[in-house]
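Please keep the sequence and the structure in view while reading.

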Amino acid sequence: MATEEDKKNLAVVLKSLKNFELEEVPYPPKPRSKHVILRIVSVGICGSDVHYYSHGKCGHYVLQGPLILGHESSGRVVEVGEGVTHLKVGDRVAIEPGVPCRFCEWCRSGRYNLCPDVQFMATPPINGSLVRFLEHPADFCYKLPNHVSHEEGSLLEPLAVCVHACIRGGVGPGSGVLITGAGPIGLISLLVAKACGATTIVITDIMENRLEFAKTLGADYTIKADAPNIVEEIRKFGITQSIECSGAEPAIALAIRATSRGGKMISIGRSAKTFLSVPLFDAADNEVDIIGAFRYHGNYPTALALIASGRVNVKPLISHHFKMEDSAEAFEVAETGRGNAIKVIIHCE
């Protein structure tokens, strides 16, 4: 149990656009039944965090006031509530950030990511994990093996997103996969598609350095997003699934048009805009299925197994490390890509 001296609970609070303040917030009370109190160790900056930081919204989720950001998290158990049997004080855990109601039709069917009452970290008005201590349901905490680092544990969250998307799209042996956007989600989608057995993986981006990095992760072909005749060029590879990871209208259009007839376009990327223009005629005329992929359900154990087994290595994606007190700079780097940033990690200890 944390001592009184150690219980100073600092949080990084977004007060307004691009304006953070370090504040002390209450230490969690005694953990409720089947809950634990966690000492947060590592938090990755997600694209949605950057949208809130820069624009005050991500799609139809809009800031309503000050908010603690962060949902890609790992930590250490410091207190255990009644009824918790699989965790003990000192355990290192990855934290699944979305807690559903558990009772609606979507929860009862297993698709709890669609629960209309889900409490998801750093999604207004629910605070996130850029804080020293927080309480969380124990069954949404996953014990990390000794050889898996806290940084890798925080990246289970985006990895689970990509596992869910590849399952939704049916990526498997023999698949020809196009990935639009070589940011963290696009690069992790590349790793998951390879682990699923995809035969050909093509990735596009507007930044040459990210395409070069994608090659080191195993991309078969990399193409600048503004290349001439890009649709015709990509069609040569026989794309059965496109995974759209940027949220940008041109990338969505490319993903639909470059996918082979009867293929699938899986949408992961999110824009600050609520409505986007897409070439629906092309999708309908070629029977390209447009598939939404929203977060994940039940994919954390698979994500952890991929990392623990060595089938997926996310460590090369971690490009920058910052202390909690330097969160403003961390977000500026994540937003601009300064220093060839890929995944930025904030350390809360």
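Predicted model: local features only at pLDDT ≥ 70, side-chain atom pairs only at ≥ 80, totals over all residues.

Phe 20, Tyr 53 and Phe 331 form a single aromatic cluster.

**Aromatic pairs**

In total, the structure holds 8 aromatic pairs. In one of them, the ring centres of Phe 20 and Phe 331 are 4.8 Å apart and the ring planes are at 55 degrees, so this pair is tilted. Phe 20 belongs to strand S2 (residues 19–24) and Phe 331 to helix H11 (residues 327–336), so the pair ties together parts that are 311 residues apart in sequence. Both Phe 20 and Phe 331 are buried.

Another pair is made by Tyr 142 and Tyr 300, with ring centres 5.2 Å apart and planes at 25 degrees; because planes under 30 degrees apart count as stacked, this pair is stacked. This pair also links distant parts of the chain, since Tyr 142 is in strand S12 (residues 141–143) and Tyr 300 is in helix H10 (residues 300–309), 158 residues apart. Tyr 142 and Tyr 300 are both buried.

**Charges over rings**

Two arginines lie over aromatic rings. Arg 39 is placed over the face of Phe 133, 5.1 Å from the ring centre. Arg 295 has its charged end over the ring of Phe 120, at 3.6 Å from the centre of that ring.

**Salt bridges**

The structure holds 15 salt bridges. The table gives some of them.

| Salt bridge | N to O distance |
|---|---|
| Lys 18 and Glu 335 | 3.2 Å |
| Glu 72 and Lys 343 | 2.9 Å |
| Arg 338 and Glu 329 | 3.8 Å |

Lys 18 forms a salt bridge with Glu 335. Lys 18 is in the loop between strand S1 (10–16) and S2, while Glu 335 is in helix H11, so the pair ties together parts that are 317 residues apart in sequence. Lys 18 is partly exposed, at 46% relative accessibility, and Glu 335 is partly exposed, with a relative accessible area of 31%.

Glu 72 forms a salt bridge with Lys 343. Glu 72 lies in strand S7 (residues 72–80) and Lys 343 in strand S20 (residues 343–347), so parts that are 271 residues apart in sequence are tied together by this pair. Are Glu 72 and Lys 343 buried or exposed? Both are buried.

In the bridge between Arg 338 and Glu 329, Arg 338 counts as partly exposed at 41% relative accessibility, and Glu 329 counts as partly exposed at 39%. Elsewhere, Lys 88, Asp 91 and Lys 143 are linked in a network of salt bridges.

**Helix H5**

Helix H5 (residues 184–196) has 13 residues, which at 1.5 Å a residue should span 18 Å. The C-alpha atoms at the ends of H5 are 18 Å apart, which agrees. Of the 13 residues of H5, 10 are buried, so H5 is largely enclosed by the rest of the structure. Among the buried residues of H5 are Pro 184, Gly 186, Leu 187, Ile 188 and Ala 195. Just after H5, Gly 197 takes a positive phi of about 100 degrees.

**A nonpolar surface patch**

Leu 276, Val 278, Leu 280 and Ile 290 make a nonpolar surface patch of about 320 Å². Val 278 lies in the loop between strand S17 (264–267) and helix H9 (280–285). At 38% relative accessibility, Val 278 counts as partly exposed.

Terms used:
Residues numbered from 1 in each chain as written. Heavy atoms only, no water. Helix = DSSP H or I, 4+ residues; strand = E, 2+ residues; numbered from the N terminus. Expected span 1.5 Å × (residues − 1). Buried < 20%, exposed > 50% of the residue type's maximum accessible area, 1.4 Å probe, protein only. Patch = residues over 30% accessible without salt bridge, like charges linked within 9 Å, V, L, I, M, F, W, Y side chains within 5 Å. Areas by Shrake-Rupley, 256 points an atom, 1.4 Å probe, with all protein chains shown as cover. Salt bridge = Lys/Arg side-chain N within 4 Å of Asp/Glu carboxyl O. Phe/Tyr/Trp six-rings, centres within 6.5 Å; stacked < 30°, edge-to-face > 60°. Lys NZ or Arg CZ within 6 Å of the ring centre and 35° of its normal.
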